[in-house]
Amino acid sequence: MNMYSILETKKADLTTQEIENSFASNICRCTGYRPIADALKTFAKDADRELLDKLSDIEDLGNKALRLKCTEEQRNVCSDNKSCAFTNKDLNSKTLDDWCFLDDIATKMIVIDCGDHTWYKCYTLSDVFSVIEKSTDYKLIAGNTGQGVYHVLDYPKLVIDISNVTDIREYVVDVNLTLGAGMTLTEMMELFLKLSDDNVDFNYLKEFHDHMDLVAHLPVRNIGTIGGNLYLKHCNKEFQSDLFLLFETVGAMITIAEKMDKISTMYLTDFLETEMKGKIIINVMLPPLSSSTKIKTYKIMPRSQNAHAIVNAGFLWKFKQNSSILEKATIVYGGISPNFIHASKTESILSNTDPFSDETIQEALKTLYDEVKPENSPTEPSASYRRMLAVSLYYKALISQCPDDRINPKYKSGGNVIKRNTSKGTQTFETDENLWPLNQPVMKLEALAQCSGEATFANDLKGESDEVYAAFVTADVKPGSIISGFDTTEAFKIAGVSGFYTAQDIPGNNSFTPTNAPLILVNEEILCSKQVKYYGEPAAIIVADREKTAIKAAKLISIKYESINKNKPVLTIDDALKSPDKDTRITKNNVIYPVEVGHDVKCIIYGELNIETQHHFYMEPQTCVAKKTEDGLEIYSSTQWLDLANMAVAQCLSVPINSVNVIIRRVGGSYGGKITRSSQIACGAALITHLTGKTCRFILPLQQNMGIIGKRLPTKCNFEVGVDNNGEIQYLKNIFYQDNGCAPNETISPVTAAHFVGNCYDSRRWYVEANSAATDSPSNTWCRAPSSTEAIAMCEYIMEKVAYHLNKDPLEVRLTNMMQVTNPIPQLIDQLKRDSDYDQRIIDVQNYNKQNRWRKRALKLLPMTYDVFYFGSYNSVVSVYHADGSVVIIHGGVEMGQGLNTKVAQVCAYIFGIPLNKISVKPSTSFTSPNAMTTGGSIGSECVSFATMKACQIIMDRLKPIKEELNDPKWEDIIKKAFNNDIDLQASYMYSNKDGLKPYDVYGVVVMEVEVDILTGNHDVLRVDLLEDTGRSMSPGIDVGQIEGAFIMGLGYWTSEKVIYDQETGKLLTDRTWTYKPPGLKDIPADFRIYFRRNSNNPTGVLQSKATGEPAFSLAAVITHAIRDAVRAARLDAAYEDQWIDIPNPCTVENIFMAVGHRLDQFVLK
C-alpha cells in the first residue's frame, strides 16, 4: 500500500534512495527488511541491473500465480503475459466495473450526527467558525496524527474536520514565505526543496527539509499539517515539536483567527501562552535570510527514522556584514523541559563575538551548560545525557560552519550527522539443481497472498451479526495487593456492554498453563483470583458489541482491594538478590563442574555483565476468535502450540478435549511470545463463547499486549577467570541468574548453561552455576534464540575482557581458547576474513580513526557454535487426489513467517518428483494434529519436513508396484491407476524422539564494521559479513531471510530496544511505539553480505539441512564489542587512561555517548 501510494504520487519517478527513505512507518521483525527493500527498489529509475535480474516484477508473479490454476493446455495457449485462456480476460485491462466513481468534490459542509458526537466536514473558514460558536466542547482535526503521540480516548461532542478548508492550505511568497496552516508536512517539504533552489533568500529551507525528513514517517507527513503540529505543541509544552523548533530558530510568526475579521499575528513563544479556545491557526510566516546568516539544526533520535527527538536543536548565527563577528545568535532546544526554548544567556554573551575563537567557544559552552537544565522524564534518556548532548550539539554546529582554515581537519567530520547510505546486500550460496525443488531458492507459498493483503490471520475470520468482543480488566496496582471485588456500574452505562466475568465464572481450572502439558511446571491464572502478581495482571473480562467499546468499558471497571501492598515491587535480578525473601526468589537450577584445571595462572580477571529484556514485538497481537459448533468449540488462535491451547481451553471449561478444535492458518509473527502466553487469550475467548453461546473476538491492544505478555529473560552474570600470558583460560567461574518473572514455567537457565559450555571454546576448565530469579513482573517467556543469545554473549564478553587485560588481539585470544577437536570455526574464520577483506579493513579503520576526532570506526569479528536439539512430536498428513494428482498436506507445525509450509511443500515435491505447484498446505488443527508440540527452537520446519518425508515415502512404497507396471508414466497416470487398484493415497507420520535425529551444531562467524558519532552517541552499521553453516539448505531464499531477520532483531536488542518499568509501581512504561524502538529499515547494515558455508551438509539433520531461524540472532552481540572499540578510540584521543569500558546494555545513544566521558574543555577547534 505504501509503495503504491508513493508510485502514484511521484508518477513512478523515484530513486532507490527515495524508496528506501519512505518506509520508516513499516516494521519488519521476521526477515529484517533487506528482501523487502530489494523488491521495492526494483521500481526505482536507478535500480541496479543485477537487482532487476534477480527479482521478478510483482505483476509477472501475479500472472504466473494465476496460471498455476490453469491446465497444461491452457498454459500453452497463454504465450505472453497479456491474456489468459483460463479467464478469457486481458490481464492488464481495467474495466469500469473495477472502479468506484465519486461525485464532484463537494463544497457544502457535511454534518453527521452520531448521537453523542457530531462530525462536521468543513470547506471554508466561515464554516469552521459557525460550528465553533455552537459549543466550547469541540476538536479541530485534519490528519489527526497527534493521536499517535497523545491518545484521545474520549472525543468532544463536536469533531470538526478542517482538512479541506482551502483558506488555510495555500502558500504565498512575497517578502516572507507564508505557509497555510492546513498544508501537510509533505507539501511543505516539497515547497522547501523548490524554494531553496529558486530563491537565495530561502536557501536555508534545504536545511529545514532535511530536518523534517527525520520527522515521523511518510504516511504521517502526508496527512499531518503545520497547524496541527504547532497546536500539539501548544497543548503539550513538553512535546519536542521539530516544526516549532525550526520556525522559532528563524523567528517565524504565526497568524491566529478568532473570527473571520479578527486576526492577529504573533511570535511563536507568545502563541504558546495564548488561549486558543474559539480560535484557529491560519498561517505561519518565515522570513528571508541574507547570506551573512548561517543555520544548522539537529535531531538526535534513538534510531535512524520514525522516532521523536531525544534532543533537537536549532542554531542561527547572524554575522555582521563582511565580518566574522556575530550580530546575533539564536539557540533553540527541544527535549529539555516543557518551558525551555531559548538558551537566552548564551545568546546574549555571543553577541559581538567571534564564535569560532576558542575563548568564545569555552565561554559559550560553560554558559550553555549552566542554563540548560533538563527535567527528568521516566521514558526519556537521563537529564545528564540530554544536558551534555545539548552542549555537544552547539559545538557540533560550530564545527559544521567553521571556515576550513580555522579548524583542525581531524575535527571537521564531527559537524555532520551520520547518514546511512542506501543499503545493499549480497547472498552467496550453493544450490544443486539435481535436487530441485528441494534446495531451490523459491518464493514462499504465501508470498503473493501476503503482499496483496489476502492472507488471512486469526482475526480475519468473517464477522457475524451477533458476535461479541472481549477485553481484559487489569489490576493496575502494586504486586502483592489483594483483590476483594469489582464495581461495574460505570461500565454498564455504556451502550453495547453485555457481560462481565471473573475467575469465579470459570467452570473448570483457572489456568492457562495446565501442568499436564509438556514443559509446564506450575499453573498460571487466566484471571487473577486474589493476590496480584504483577502490575496490570488480568483480573476480569468485559464483553461488548464492539472492540473499542469493550476496551473503553474495561477502563471504567473499579477494582476493590482488601489490601494494597505498600512495598516497592521486586523488578530486577538485583532487587531479588537484595530482597528480604531472597531465599524463596532465587533458585539454583544447575551446576556444571570443570573436568580439569590449568595451573599457569598469570592474570585473574573479574567482571559482571547485565543483559536486559526485549519485547517480541510481533505484528499480529495476541488474538483469538472462539466459535460455537454443534458439538463444541472452534478456537482460531494466534498460537505456536496447538496442544497447549487445546488442553488449556478444554480444562478451563471442564469439557472434553475432543470437543475443542484449535485452528491455525498462520500466525503474524511470534518469536516465542505465542508459545504459552497465547493460551491465556484463547481461554478468555473460549470462556465467553462457552458462557454466552456467541462468537467472541479477543484481541489485545498493543499497550496491553506489551504489558501483560512476558518478554525475554534478563540475565546477570558474575565471573572470575584465570589466564596464562597467552590468554588461555586456566579456570573460569561463571555464576549467572535469569529473571523468570512471576512464574517459573519458562525457566531456561539450565539450557543457557549448556549453551555456554557448548559454544566453540574449550570449556573443560569451566565452572558454571545457573540460577533463576522470581520477580514481580509478568512471567517471562521464550524469545528468539533464548539461552543461546545470553550464553554466547557471556562467552564473548569474557573473551573481549581477557584480550583487553593482556593487551592482545581479541581474535587471537578466541583462537587460543578454541575447541580443537572437530571444530570448523577456525576454518570459517579464515574463510570469512578472506571474503570480507578483514586484514586490509582493519588497517583502513585505524587510518580513519587517526584522521577523525569525532567519528570513530571499529571492525569486529565474532564466532558462534549454536547447538540444536530436537524435542516433542510433530505429525504430517499427506493426501493425494486421484482426479488430478494434486496433493494436500496438513501438519502439526505452525506457519508464522519462517517459511515452514514452503519447506514442507518442497520436501514433498522432491520425494514425489512433482512440481511444487501441485501441492497445497492447509491450516493446522488440533483435530488433524492432536498432541502436537510447539513450533519453536528453530526445529519446527525440520521436524515437520521429516514427518512429511516419511509420509511421502509410505505413499511412494505403495505406488512402487504401479510404477513398475507402467511404462515411463506421468505422476497423474500413476495416481489414477493406484486409485483404481484401491491403494490408499493418504499417509501420516509423526516425528518423535524415537526417530533418531541427533543434536547438531550450527557454526557461524560475523564481521561487522560500525561507525559512531562521538558527539551524539548515534551509530551506523556500515557493513556486515555473516557466514553461517546451513547444511544443505532446503530453501536457500527463505534461509537467507531468516538469517538476516534474526540478526537485525538482535541488533535492535543490543542497541535501541530499552524496556523501562516504573520502579515504584511495577507499571511498564515502554508499552507502545512512541517509547519502544525496534530497528527500522535504515538501521540495517548499509552493506549486508550473507554467505552459506561452502560444501556443507548435515549427516544427522533432515535431508542434510540445518536450522536458520535463530542462530544468527546470537551473532548480533558483535555490535556491543564494535561500539566499545569505537568509544575506546575516542577516549584515547581525549587523553584518557586506557581503561576497560562497560557500556550498559542495550547500547543506546545515551549509553554510548556517556561512555565517552565528554568534558567541555575538549570541545575546541584547533
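This is a short chat about a few parts of a predicted model.

Me: Let's start with helix H29, is it buried or exposed?
Reply: In this predicted model, 12 of the 13 residues of H29 are buried, so the helix is largely enclosed by the rest of the structure. Among the buried ones are Leu900, Val904, Ile911 and Phe912.

Me: What do those buried residues of H29 pack against?
Reply: They pack against several elements, including strand S31 (874–880), strand S32 (887–891) and helix H30 (940–965).

Me: And what comes just after H29?
Reply: Glycine 913 does, and this residue takes a positive phi of about 70 degrees.

Me: You mentioned S31, so which of its residues lie on each side?
Reply: Tyr874, Ser876, Val878 and Val880 are on one side, while Asn875, Val877 and Ser879 are on the other, and all of these are buried, which leaves both faces of the strand covered. In a regular strand the side chains alternate between the two faces of the sheet.

Me: How many bridges join S31 to S35?
Reply: There are 6 bridges between S31 and strand S35 (residues 986–991), and the two run antiparallel, with tyrosine 874 opposite tyrosine 991 in S35. S31 also pairs with S32 in the antiparallel sense, over 5 bridges, and there valine 877 has isoleucine 890 as its bridge partner.

Me: Changing topic, where is valine 601?
Reply: Valine 601 sits in the loop between strand S21 (586–592) and strand S22 (603–611), and it is partly exposed, with a relative accessible area of 33%. Together with Ile604 and Tyr606, Val601 forms a nonpolar patch on the surface, with about 280 Å² of accessible area for the three together.

How values were computed:
Residues are numbered from 1 along each chain as its sequence is written. This is a predicted model: local features need pLDDT of at least 70, side-chain atom pairs count only at pLDDT 80 or more; totals for chains, interfaces and linings use all residues. Side-chain values use heavy atoms; hydrogens and water are left out. Patches are made of residues with over 30% relative accessible area and no salt bridge: like charges are joined within 9 Å, nonpolar side chains (Val, Leu, Ile, Met, Phe, Trp, Tyr) within 5 Å. Accessible areas come from the Shrake-Rupley method with a 1.4 Å probe; for residues, only the protein chains shown count as cover. A salt bridge is a side-chain nitrogen of Lys or Arg within 4 Å of a carboxyl oxygen of Asp or Glu. Helices (H or I, at least four residues) and strands (E, at least two) are DSSP runs, numbered from the N terminus. Buried means under 20% relative accessible area, exposed over 50%, partly exposed in between (1.4 Å probe, protein chains only). Contact means heavy atoms within 4.5 Å. Two strands pair if DSSP finds at least two bridges between them.
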